[in-house]
Amino acid sequence: MIEPSYPVTAHDYSSDAEELGSLEDALEEAPRGALVVSGIAVGLLMIGWLGMYFLVFLPRGPVG
Amino acid sequence: MATAARPATTAAPRETDLAGLQTSRLVQSHIWIAIAAFAVACLLGVWQMWARSPIQAPYHTAANYFRSVTLHGVSMAFVLTTFFIMGFGYYVAETALKRPLPGIGFAWVAFWMGIAGTLMAALSVISGNASVLFTFYPPLTATPWFYVGLVLVVVASWIWCILMIIAMRSWRRANDGRPVPLAMFATTANAVMWLWTTVGVAAELLFQVIPAAFGWNQTVDVGLSRTLFSWTLHAIVYFWLFPSYSAFYTMFPRAAGGRLYSDTMGRLAFILFLLYSLPVGLHHLFMDPEHSNGFKFLQMFLTALVSVPTLLTVFTITASAEIAGRMRGGKGLFGWIGALPWERPMVLATGLAFVMLFWGGGGGLINMSYGMNAMIHNTSWVTAHFHLIFGGTVVIMYQAICYSIWPSLTGRDFPSLKPLLVQLWLWFIGMMVMTLPWHWLGLEGQWRRVAAFDYSNPIIHGWGPWVIVSLVGGIILALSAFLFLYNLASLHWRGVLGAPAEIEYARAVHEPERVPSSLNGFGLWNIIVALLMLLAYGWPIAQFFVYPPPQAMVHRLG
Amino acid sequence: MAINEDAILKSELRWAIVVGGIVAVILIAILYAALAMHINPPSNREYVDPKTLHLSAEFTEANLGTRVDPNGQVVARLIATQFEFVPNCIVLPARTPVTMRITSPDVIHGLLVSGTNVNTMVIPGYVAQVHTTFTKTGDLLMPCHEFCGLGHSQMMATVRVVPPAAFHPGPGGRIACGNRG
């Protein structure tokens with residue numbers, strides 16, 4: 001961890017080692033939120049793909 | 001966002017007091033060249049969209065258009081990327097390994113070789129004798145100096161690859177058994193992958209295209225040249241992507257004030273990219289007659305596998321964000337999202353990158369779906385996909401990386417982060433506005449690489465308004481590009497002295513004491529890459545020698 | 001939930017299974033389309049010498065355009081060249097299996113038919129072949145979609161899809177855009 005000799009401002013975001021809260025507490029809840037968000041995102045992707053497949057691609061006719 | 005007061009004593013550091021990074025000038029030189037190419041290419045892109053729109057554009061001839069598309073493509077796909085990746089790689093080698101870069105003299109040789117190659121290629125294009133686009137498919141043949149220029153850039157990048165491998169090896173010898181810092185592991189994985197990647201285009205250039213350009217051959221096997229280029233064409237986008245994913249894993253969690261969810265998953269993701277970016281190039285040739293359904297299907301299956309490390313990354317980085325958000329007080333299933341420090345450029349860029357990854361990746365899933373590729377091949381849908389995923393997700397992270405490392409390179413901090421945030425938002429908004437209409441137009445049948453559309457045709461006429469919307473997106477992107485340039489340049493005279501010449505990379509929730517050697521090196525993975533390439537590309541290439549097809553006549557441009 | 005490294009890796013494995021499931025669904029759909037519905041990319045590996053097309057029986061001028069072959073198959077033959085399709089208008093029937101065969105004597109071209117799944121590269125040295133069934137009638141755009149030189153933007157043809165009842169080939173099985181039958 002860097003300890004510069006001048007006051008650290010909010011601009012030192014890249015050398016930030018603030019860890020404001022408890023890592024242990026955060027780990028109790030995680031990764032529930034991430035599962036939900038990632039699950040929604042990937043679920044939407046799959047629905048989108050199926051939609052394109054059945055509603056746009058197949059109706060345009062067979063091809064081979 | 002108030003700036004804290006400077007100490008009143010004379011302890012405030014002066015520029016010459018700070019011990020600078022050994023690679024500072026090397027890194028800045030590379031990245032400024034990348035940014036220069038990027039800025040010129042953005043302007044060309046706007047002109048191209050103007051020319052394609054119903055609105056009259058100046059200097060609008062087919063010759064100028066294809067000269068511009070070639071320069072735009074070469075600048076963005078070969079110059080911006082290679083120089084940025086080399087520069088950032090040197091930076092990581094010094095700061096992640098905390099030691100000087102071995103062989104820095106060779107790095108400068110590579111830099112000047114890259115400059116010479118870039119100038120040679122660029123001047124060839126400007127002369128009008130190399131309007132072959134960045135894909136330069138034979139039998140269309142440019143002046144040989146265009147190709148020689150590109151070869152020089154590739155050879156320069158090979159020197160970088162070797163320096164990265166040497167840097168990692170020598171660190172491992174001095175740190176027996178300890179895990180290579182993740183940022184350097186990713187960088188070296190990228191270097192190893194790039195060496196494999198360039199084999200295809202190097203073989204195409206050395207054995208087919210350059211001999212044809214010099215007039216030593218009158219015909220060329222275009223099925224073979226397209227296949228060799230496809231070897232490079234997919235893996236190269238992962239070459240571009242590696243620094244951005246490296247920032248997701250090793251810079252974003254730190255900027256968010258938290259930890260990386262899993263260091264092991266980071267290593268695994270980069271290894272999966274090394275394995276599966278290469279044996280998938282045939283998905284660019286789905287619509288080509290020279291390959292069988294069997295090999296197209298096999299490579300489609302492997303392409304599905306290369307989507308896995310991205311989908312794993314989505315979860316790992318979101319989990320890292322969740323930890324950071326909860327540590328900042330976010331509660332419940334979604335409260336952690338709002339609690340993140342969005343006022344920090346690296347955090348904002350990562351969030352915006354993920355939104356663009358959703359759209360760009362979704363489009364990619366359609367592209368890779370074998371027969372379904374027929375719906376969109378060579379339409380504006382494809383243009384939309386790669387501008388969004390590369391120009392969007394990857395390049396916005398390049399911008400955030402620059403903002404992150406510039407203070408340590410220059411010894412100066414940004415006086416305010418607001419212009420950086422504005423620039424990133426403009427990039428995101430511009431990219432979405434530019435690319436979403438292109439998806440729609442592609443499905444409507446709008447095809448690629450067109451210098452001028454005949455808007456008197458009733459079908460094409462209907463496209464006009466959407467083309468103009470895209471143009472507006474492009475103008476926003478150009479404004480963002482110049483704001484980016486200004487933000488970095490102005491640091492040199494407006495920046496606040498005193499930034500330390502080092503950077504802290506993210507720590508994992510559980511920092512590993514040791515990792516298995518398979519997650520600390522590439523010996524095993526190189527063997528698997530070789531086997532996969534033999535399986536996926538062995539016959540597709542050999543067939544051109546076992547059953548030689550009729551060759552095409554070389555078509556010289558000038 | 002995710003307290004120690006084992007738990008973290010377990011959660012990643014769980015997620016990997018979700019990801020694997022989604023990829024599997026997509027692969028199964030593609031496999032089904034390929035095997036049951038015969039939807040495949042155009043992979044006709046058939047050689048033809050670009051330098052002697054004009055001497056071949058199949059791609060001489062008189063044999064280009066739409067023709068009902070002796071075996072009853074409706075086949076449209078075209079040349080893609082810098083910078084036009086020859087012929088630049090073809091007639092095809094809707095709701096009937098048709099075949100398009102295209103080749104190039106010079107550089108790489110490509111084509112798509114707007115609103116359909118007809119899409120193929122045209123590589124000199126090969127005969128590109130696409131089988132399809134048009135579901136709608138009308139005048140469809142068929143541009144060249146691969147950069148083939150400075151005239152690429154003007155390279156475009158028309159595919160006139162007519163109802164089967166209006167598809168009347170003349171003697172020899174040929175039909176062109178000029179005569180609607």
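Welcome to the tour. Start by selecting residues 523-546 of chain B, helix α16: at 1.5 Å a residue, its 24 residues should span 34 Å, and its end C-alpha atoms are 32 Å apart, which agrees. Keep in mind as you go that this is a predicted model.

**Stop 1: along α16 of chain B**

Stay on α16(B) and click on B:Tyr537, where the helix bends by about 50 degrees. A proline, B:Pro540, follows within four residues.

**Stop 2**

Most residues other than glycine have a negative phi, and most peptide bonds are trans.

Now select the loop between α3 (104-126) and β1 (140-141) of chain B, the place of B:Pro139. A cis peptide bond joins B:Pro138 and B:Pro139, with omega about 10 degrees. B:Leu133 also has its place in the loop between α3 and β1 of chain B. This leucine has a positive phi of about 65 degrees although it is not a glycine.

Next, move to the loop between α11 and α12 (380-410) of chain B and pick out B:Tyr370. Here again is a residue that is not a glycine but has a positive phi, this time of about 55 degrees. B:Tyr370 is buried, with 26 other C-beta atoms within 10 Å.

**Stop 3**

Switch to chain C and select residues 5-35, helix α1. Its 31 residues should span 45 Å at 1.5 Å a residue, and the end C-alpha atoms are 44 Å apart, which agrees. Color C:Ile8, C:Ser11, C:Glu12, C:Trp15, C:Val19, C:Ile26, C:Ile30 and C:Ala33: these residues of α1(C) are buried. An α-helix has 3.6 residues a turn, so residues three or four places apart point the same way.

What covers the buried residues of α1(C)? The cover includes elements of two other chains: α2 (32-57) of chain A, and α8 (263-276), α9 (293-327) and α11 (345-367) of chain B.

**Stop 2: where the chains touch**

Show chains B and C together. In this pairing, 50 residues of chain C are in contact with 56 residues of chain B. On the chain C side, the elements giving two or more residues are α1, β6, β7 and β9 (138-143). The most comes from α1(C), with 13 residues. By class, this side of chain C has 29 nonpolar, 14 polar and 7 charged residues.

Then bring in chain A, of which 20 residues are in contact with 25 residues of chain C. On the chain A side, α1 (23-29) and α2 are the elements that give two or more residues. The largest share, 9 residues, comes from α2(A). This side of chain A has 12 nonpolar, 4 polar and 4 charged residues.

**Stop 3: the two domains of chain C**

The domain assignment of chain C gives domain 1 (1-40) and domain 2 (50-175). The C-alpha centres of these two domains lie 40 Å apart.

**Stop 4: strands of chain C**

Select strand β6, residues 109-112 of chain C. Both of its faces are covered: C:His109 and C:Leu111 on one side, C:Gly110 and C:Leu112 on the other, are all buried. Strand β7 (residues 119-122) runs antiparallel to β6(C), joined by 4 bridges. Look for C:Leu111 opposite C:Thr120 in β7(C). The hairpin of these strands has 6 residues between them, and there C:Gly115 takes a positive phi near 80 degrees.

Now select strand β8, residues 128-133 of chain C. Its covered face holds C:Ala128, C:Val130 and C:Thr132, while the uncovered one holds C:Gln129, C:His131 and C:Thr133. Strand β5 (residues 97-103) is joined to β8(C) by 6 bridges, and the two run antiparallel. In this pair, C:Val98 stands opposite C:Thr132.

**Last stop: a cis bond in chain C**

Finish in the loop between β2 (74-81) and β3 (84-86) of chain C, where C:Phe83 lies. A cis peptide bond joins C:Gln82 and C:Phe83, with omega about 5 degrees.

Terms used. Residues are numbered from 1 along each chain as its sequence is written. Chains are lettered from A and ligands numbered from 1 in the order in which they are written. This is a predicted model: local features need pLDDT of at least 70, side-chain atom pairs count only at pLDDT 80 or more; totals for chains, interfaces and linings use all residues. Domain bounds come from an automatic or database domain assignment. A residue is buried if 20 or more other C-beta atoms lie within 10 Å of its own, exposed if 12 or fewer, and partly exposed in between; C-beta atoms are placed from the backbone. Two strands pair if DSSP finds at least two bridges between them. The expected span of a helix is 1.5 Å times one less than its number of residues. Two residues are in contact if their C-beta atoms, placed from the backbone, lie within 7 Å. Ala, Val, Leu, Ile, Met, Phe, Trp, Tyr, Cys and Pro count as nonpolar, Asp, Glu, Lys and Arg as charged, and the others, Gly among them, as polar. The bend at a residue is the angle between axes fitted to the seven residues ending there and the seven starting there.
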